[in-house]
Amino acid sequence: MKKKEHTSLGPNMINTFEQEPSFKIEKYDPITAQWEVIAPDLLEIVEKAFLGKVSSIDWLKKNFDDQETVALIVKEISTDRVVGYAYALPLHGYEADDTVHLAAIAIHPRCQKNKLTGGMMSIMEDEFLKRGYRYISGDYAIENGFADTVQKHYASRVVEVQNWQRPDGVSQRHMKIRLQ
Ligand SMILES: CC(C)(COP(=O)(O)OP(=O)(O)OC[C@H]1O[C@@H](n2cnc3c(N)ncnc32)[C@H](O)[C@@H]1OP(=O)(O)O)[C@@H](O)C(=O)NCCC(=O)NCCS
């Protein structure tokens with residue numbers, strides 16, 4: 001099989017003579033990660049990107065540390081601060097055994113529009129394919145246009161689509177995407 005390249009790393013991540021990359025994406029490793037160093041940055045992203053409307057930092061750590069999870073962090077090279085994260089894991093009993101669930105993806109508002117989403121998703125897809133999974137599901141926000149962006153990007157690889165509303169009234173689109 002032809003090796004897929006992580007092409008969607010965004011203009012600031014392509015190393016050209018004119019510009020050094022501004023961001024790097026790292027896999028979170030529970031053994032080497034210094035949680036106390038990255039936790040304040042993660043909390044700031046949660047507050048700024050999701051306006052605080054998600055679970056606690058302890059819940060995030062529990063999920064990041066789960067060996068079935070693939071968690072990624074985006075670091076801003078100039079400051080060494082964490083400015084984005086994403087993680088996915090299997091939801092036993094809620095999704096099929098061949099499916100993992102994208103639990104969260106967020107970029108700090110001051111670093112958005114750098115195509116970091118594509119970079120993170122590409123690494124995540126490769127990792128779960130290696131682990132034997134066939135699909136990644138997710139619930140994407142409709143209001144900010146992200147659901148449309150994801151659906152357009154994956155096109156025919158989107159095998160299930162269903163709009164639904166959270167109890168707090170936020171509209172979401174559930175999509176299941178074939179890994180390749
Ligand atoms: C949603 C969020 C992570 C998107 O990040 P962003 O910095 O705004 O967008 P990015 O530049 O990284 O990515 C968007 C671009 O990547 C492209 N892309 C490439 N690969 C992609 C992939 N695998 N999945 C989605 N988009 C991809 C998109 O087509 C889009 O291109 P366009 O700008 O030409 O339309 C960010 O807006 C955010 O944190 N929002 C608040 C939290 C949130 O809503 N999270 C999602 C919950 S459902």
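Helices (H or I, at least four residues) and strands (E, at least two) are DSSP runs, numbered from the N terminus. Lys-115 has a positive phi of about 60 degrees although it is not a glycine. Why is that worth a look? Most residues other than glycine have a negative phi.

Before going on, a word on the model. It is predicted: local features need pLDDT of at least 70, side-chain atom pairs count only at pLDDT 80 or more, and totals for chains, interfaces and linings use all residues. Residues are numbered from 1 along each chain as its sequence is written.

Gln-67 sits in the loop between α2 (57–65) and β2 (70–76). The table shows how these residues are surrounded. A residue is buried if 20 or more other C-beta atoms lie within 10 Å of its own, exposed if 12 or fewer, and partly exposed in between, with C-beta atoms placed from the backbone.

| Residue | Exposure | Other C-beta atoms within 10 Å |
|---|---|---|
| Ala-155 | exposed | 8 atoms |
| Gln-67 | exposed | 6 atoms |

Gln-67 and Asp-29 are 38 residues apart in sequence, and their C-alpha atoms are 9.4 Å apart in space.

**Around the ligand**

Which residues come nearest to the ligand? Of the 21 residues around the ligand, these are Ala-106, Gln-112, Thr-117, Gly-118 and Met-121. Two or more residues of the shell come from each of β4 (99–107), α3 (116–130), β5 (135–141) and α4 (146–154). A residue is near a molecule or strand if its C-beta atom, placed from the backbone, lies within 6 Å of it.

The shell divides into eleven nonpolar, eight polar and two charged residues. Here Ala, Val, Leu, Ile, Met, Phe, Trp, Tyr, Cys and Pro count as nonpolar, Asp, Glu, Lys and Arg as charged, and the others, Gly among them, as polar.

**The whole chain**

Stepping back, the chain has four helices and seven strands. From the N terminus on, their order is β-α-α-β-β-β-α-β-α-β-β. Of the 180 residues, 25% count as buried. Two residues are in contact if their C-beta atoms, placed from the backbone, lie within 7 Å. Among contacts between residues at least 6 apart in sequence, 60% join residues at least 24 apart.
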